[in-house]
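Here are my notes for you on this model. Have the 3D view open while you read, and take the points one at a time.

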Amino acid sequence: MVEIKTDKALEAMREAGRVVAHALAAARAAAAVGVRLRELDEAARAVLTEAGASSPFLGYQPSFAPVPFPAVICASVNDAVSHGIPGDYRLRDGDLVSVDCGAELDGWTGDAAISFTVGTPRPADVELIAATQQALDAGIAAATVGHRIGDISHAISTVARKAACGMPSDFGGHGIGRQMHEDPHVPNHGRPGRGFPLRHGLALAIEPMLMAGGHNDYRTDPDGWTLRTIDGSQAAHIEHTIAITESGPRILTLP
């Protein structure tokens, strides 16, 4: 069931989204050559604690996962597309890092992701991150009253195809609100004019995941969580929680 949020609920989601933005900023600030991924998780966890927020990631166990997720962020490096578990891996010069984080505050949830490089960036990685941001921007621009979910999906996939990038075929964005994952699903591939109609008060997490090798297939690590490109190519993941409003899309996960 799709829940249409009141303006008051959207304001509450904006506060949760602000916490997410601050947690992501803390994780990025902590990232440096030699730093362990779990230290990024610790930095984000401190922000959540200070804000009085909880993590919708910690302990989350969807049907595909063999164990509950053990952290408050996903930290995915280089060929890891998403859902990476932040452990003892030490960041290296040139690593491409994607960090996904959520926060629940006063019963409402925000969810966002960023991608960045550590140390000396590779030009191809900079281009991949830029293409992923462009895909997100295109998806958000299509998220207007009167359009449909398929218009968001088509906008994202158009940018990905132009960049010759692949995207995981069965992962994408989602509705969000009282829970992190709600209806409707927001595919990153789709046809315009199809799917659920966009109305004022609909809240969505839009999250393109681009894979430089151009394939849509992926593999899953033995941990049951981490998704990787099948050819070892680099991947990037950028996400915002937005609200559909009569005055246009509103990003809820900004600082």
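This is a predicted model: local features need pLDDT of at least 70, side-chain atom pairs count only at pLDDT 80 or more; totals for chains, interfaces and linings use all residues.

1. Let's get the overall picture. The chain has four helices and 13 strands. Its radius of gyration is 17 Å, close to the 18 Å that the globule rule gives for 255 residues, so the chain is as compact as a globular protein of that length. If you boxed up the C-alpha atoms along the principal axes, you'd need roughly 45 × 40 × 35 Å.

2. Now look at helix 1 (residues 7-30) and helix 2 (residues 37-51). They pack at an angle of about 150°, and their axes are 8 Å apart. Why call this pair roughly antiparallel? Because the cut-off for that label is an angle over 145 degrees, helix 1 and helix 2 are roughly antiparallel to each other. Their crossing is right-handed.

3. Who touches whom in that pair? From helix 1 come Val19, His22, Ala23, Ala26, Ala27 and Ala30, and they meet Glu39, Leu40, Ala43, Ala44, Val47, Leu48 and Ala51 of helix 2. Sorted by type, the residues of this contact are eleven nonpolar, one polar and one charged.

4. Helix 3 (residues 123-141) and helix 4 (residues 149-162) are the next pair to check. Here the packing angle is about 155°, with the axes 8 Å apart. That makes helix 3 roughly antiparallel to helix 4. The crossing of helix 3 and helix 4 is right-handed.

5. Zoom in on the residues of that second contact. Ala131, Gln134, Ala135, Ala138 and Gly139 of helix 3 meet Ile152, Ala155, Ile156 and Val159 of helix 4. Seven of the contact residues are nonpolar and two are polar, with no charged ones.

6. Strand 13 pairs with strand 12 (residues 240-243) over two bridges, in the antiparallel sense, and you can see Ala243 standing opposite Arg250 of strand 13.

7. Another open sheet has three strands in the order 2-10-9, and its pairing is antiparallel. The edges are strand 2 (80-82) and strand 9 (218-220), which each pair on one side only. On average, neighbouring strands of this sheet are turned by 40° against each other, direction ignored. Strand 9 and strand 10 (residues 227-229) pair over three bridges in the antiparallel sense; have a look at Arg219, whose bridge partner in strand 10 is Arg228.

8. Finally, two backbone spots to check. Most residues other than glycine have a negative phi, and most peptide bonds are trans. You'll find His83 in the loop between strand 2 and strand 3 (96-105).

Terms used: Residues are numbered from 1 along each chain as its sequence is written. Side-chain values use heavy atoms; hydrogens and water are left out. Axes are lines fitted to C-alpha atoms, for helices over the stretch in contact, and angles run from 0 to 180 degrees between N-to-C directions. Angles under 35 degrees count as roughly parallel, over 145 as roughly antiparallel, 65 to 115 as roughly perpendicular and the rest as oblique. A crossing is left-handed if the near helix is turned anticlockwise from the far one by less than a right angle, and right-handed if clockwise. Contact means heavy atoms within 4.5 Å. Ala, Val, Leu, Ile, Met, Phe, Trp, Tyr, Cys and Pro count as nonpolar, Asp, Glu, Lys and Arg as charged, and the others, Gly among them, as polar. Two strands pair if DSSP finds at least two bridges between them. The radius of gyration is taken over C-alpha atoms; the globule rule is 2.2 Å times the number of residues to the power 0.38.
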